[in-house]
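Visitor: I would like to learn how to read a sheet in a model. Please take me through one.

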Amino acid sequence: MRRFIPVLVMTVFTIMATFSCSGNTSTKDGPEYQYEVLSPWAEVDPIPLRGISPRLDSVSGKKIGLFANFKRAARPIQAEVERRLKERFADIETSLFDSRLPNVTETETVNKEKFTAWAKEMDAVIAAVGD
Amino acid sequence: MLLANRGFVNDAHSAASGKGMPGVRVLGSSIACESTVAEDIKSGIDEVFEGIIAELTRPLTEEEKSPQVDVETPPRIAFKGTYEEVNQFFYRNGWGDGLPIVPPSEAAVEEMMKGTDLPPDHVVAKIIPRMGKATIEKIAVNAVMAGALPTHMPVLIAAVEAVSDPKTRFDTFEVSTGSWAPLLVINGPIREDIRINCSSGALSPGDLANAAIGRALGLIIKNIGGARKGIEDMGTLGNPAKYALVLGENEEESPWEPLHVEFGYQKDDNTLTVMFPNRYTQTIPAQTNAEGIATALAGMEPRALSCLLVIPDHANIFSGEGWSKQQVKESIMKKSGSRDSRRPGRLQNEDFAIVVAGGPGVWMGLLQSAGGFGNYFVTKEIKLPSNWETLTAKYSTLVPTYVKY
């Protein structure tokens, strides 16, 4: 009988340890204790994906939109892009959409219609954003 | 095609994917952000000009023409392993904040969700930029990771509601280069129930509620909203306040009506008010009479949007000399300058709030959203679950006891 006492004690201890491990915070000292953990990464609803617009066969002769966001380098960057484009392709036309409202996505809010109409007129758009 | 500073190429791709156009072509340039140097802009465009032409003319790939829907369905159970393995797994997956996390086991998350009557699948908000669904269960998982208690859940749910309010300008602040961090000001009896520090060192580490609630919100923004540092969260220098910036108003020692009453709530309501500061400064007054304290508060140059932290002793000096909170604000407005760099006119009443907080001393503080983006204070009611008394009783003895030496 005496030889079974340690086994019995061990068994009781194991059962107690098992129950204590499944407690509310699952904290456990033992280095081998296994935690089965839930993912913190959220699910998202699928959004419809769209392809990007067809590319140009050539930039020559096209109407190129230049979109500048409100950051102060955007307009001078687009001015330089425009200068280089016209230097290379003398027959192109350019049009600037100047988004001036700081940290407002104008193209989706207050100026959505204006932007959409402008973009439809362009053969291609180069956007200067970030940052 | 998009032309962006090369440090923002990943950000641009994430933004395009988030709008359903993962194929948008992005070209990185070496032009310094917000460059004012014409020569640098010219040479930067020189470097990428051929690339611009190529991106406009190179034929589309099949994937660019018809991107495939890749619905991500993360498994509910993420991993099984030891404490160390769980921590390493979460860190490698980019789900942490640099500190060890508490493993979010099923049992721990279940216990956490006792802090609300809402069901696990209830969506509190979809958090930008990824539009991740902030369900009760996901909020609870991140709360467990942060070491929060179930009694903190009502505050976290209100915090998710508050930051998702467009008036906070969370859309900009959570990801922008200015490194803004959410400041949560807690009002009402819940401060005592969950031991939110309102007094000495309220903004310092050491209080479970202040620390864990702030940390949990940071993890929620990262893991549910998908704002990862250097990818979507483009904070240039970063901000230690993104770990936690939570305090309660010291209503008991204030002679004035508390913040939430000023914003239209009842004194016994539990509320959370949020704004996004990226500037924290402190000073002391040259004179400790009401006029001197008001001068020092104005001297910190509050601009839209600012939260002035006035210690109880100073609030009581004001009150003793017959100054209401509104009179203090009017004095500050007279002494202050412009609202901010983008809004015309002088500082307005709505541009700043006064919160009485802190302990004994002479220092006062200013938390400000430097940059000025038309943001406002947003206050939400903290809704308690039906088991609140039982829940708070369960954790009521969890308080630090410091030995004397």
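Visitor: Which residue in S8(B) is the bridge partner of Ile186(B)?

Guide: Strands are DSSP runs of E, at least two residues long, and helices are runs of H or I, at least four long, numbered from the N terminus. The partner of Ile186(B) in S8(B) is Leu272(B). This is a predicted model: local features need pLDDT of at least 70, side-chain atom pairs count only at pLDDT 80 or more, and totals for chains, interfaces and linings use all residues. Residues are numbered from 1 along each chain as its sequence is written, with chains lettered from A and ligands numbered from 1 in the order in which they are written.

Visitor: In what order do the 4 strands of the open sheet lie?

Guide: Two strands pair if DSSP finds at least two bridges between them. Here the order is S7-S6-S8-S13 in chain B, with mixed pairing. The edge strands, S7 (246-248) and S13 (378-381) of chain B, each pair on one side only.

Visitor: How many bridges join S6(B) to S7(B), and how many join S6(B) to S8(B)?

Guide: S6 (residues 183-187) and S7(B) run parallel, with 3 bridges; Val185(B) stands opposite Leu247(B) there. S6(B) and S8(B) are antiparallel, with 5 bridges.

Visitor: Is S6(B) enclosed or open?

Guide: A residue is buried if 20 or more other C-beta atoms, placed from the backbone, lie within 10 Å of its own, exposed if 12 or fewer, and partly exposed in between. In S6(B), 5 of the 5 residues are buried, so the strand is largely enclosed by the rest of the structure. Leu183(B), Val185(B) and Asn187(B) lie on one side, Leu184(B) and Ile186(B) on the other.
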